[in-house]
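I opened this entry to keep track of what I looked up. My notes follow the display.

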Amino acid sequence: MAAITAAMVGELRAKTDAPMMECKKALTEADGDMARAEEILRVKLGSKAGKAASRVTAEGIVASAINGTTGSLLEVNCETDFVSKNDDFLAFTQACANLISENNPADVAALLALPMNGQTVDEVRSALIGKIGENIMPRRFKRFAGSNKLVSYLHGTRIGVMVEFEGDETAAKDVAMHIAAMKPVALSMADVPAEAIAVERSVAVQKAAESGKPPEIVEKMVEGSIQKYLKEVSLLNQTF
């Protein structure tokens, strides 16, 4: 049995970026054969990634990327808040956001098939799962493309906003921050989805009916509630 030294473990870790204990176990199993130990790690980490892929990803971050007049916002999930702060996880997420901005994939499956560092995004993801030991998965993204400039704002790691604008970038950044805080659902009152208005109207009708007022008063109460709602959820009508 070959003696496994700290230098050997360090060399294998430098080659594979695998955890120290995994490197030591692989070298022990390979009786000190570095090439064989690398092969063992590839098998083990791949297996580890397969097991992790079935676990729930309840944490994660939002990343943004801007490439000229195109940009993207991307949510990538992991299992714990600890991993969401991991440098490799952050780098992978940012690289994916850049790819979305540059390549315009149709969906997450198309994103996973894009090339990244000589592999596919999904292969890089699987290797990262093996290294970190947690399931990691891009969940959703939005790509923006237009003729004007873009600015993005990330509030913590959970909220991302992108604004297309003409004029002053500082003002556009302030608008993005406002959107993150106030969460408008549309640019103007006319843009508020009909489904959202219908839900609000249903609630307003029920509340007004409970007042016992005459029908004509109830109708005015409902319309007043709808107008108040539209002003609250449309960006151009919010207090800034």
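I looked up the domain centres: those of domain 1 and domain 2, taken over C-alpha atoms, are 31 Å apart. The assignment, automatic or from a database, gives domain 1 as 6-53, domain 2 as 59-182 and domain 3 as 189-237.

I noted that this is a predicted model, where local features need pLDDT of at least 70, side-chain atom pairs count only at pLDDT 80 or more, and totals for chains, interfaces and linings use all residues. Residues are numbered from 1 along each chain as its sequence is written, and side-chain values use heavy atoms, with hydrogens and water left out.

Next I checked a helix pair. Helix H5 (87-103) and helix H7 (121-132) pack at about 170°, their axes 11 Å apart. H5 is therefore roughly antiparallel to H7 (the term covers angles over 145 degrees).

Then I turned to the largest pocket, with about 570 Å³ of space. A pocket here is an open set of points on a 1 Å grid where a 1.4 Å probe fits, with protein on both sides within 12 Å along at least five of seven lines; lining residues have an atom within 4 Å of a point. Of its 24 lining residues, the closest to the centre are Leu 73, Arg 140, Arg 158, Ile 159 and Gly 160. Strand S5 gives the largest share of the lining, five residues. The lining divides into 13 nonpolar, four polar and seven charged residues.

Last, what does Phe 141 touch? Phe 141 is in strand S5, and its contacts include Leu 73, Ile 100 and Leu 111, leaving out residues up to four places away in sequence. From Lys 44, Phe 141 is 97 residues away in sequence and 31 Å away in space, C-alpha to C-alpha.

Key: Grid points are joined across faces, edges and corners, and a volume is the space filled by probe spheres set on the points. Helices (H or I, at least four residues) and strands (E, at least two) are DSSP runs, numbered from the N terminus. Ala, Val, Leu, Ile, Met, Phe, Trp, Tyr, Cys and Pro count as nonpolar, Asp, Glu, Lys and Arg as charged, and the others, Gly among them, as polar. Axes are lines fitted to C-alpha atoms, for helices over the stretch in contact, and angles run from 0 to 180 degrees between N-to-C directions. Angles under 35 degrees count as roughly parallel, over 145 as roughly antiparallel, 65 to 115 as roughly perpendicular and the rest as oblique. Contact means heavy atoms within 4.5 Å.
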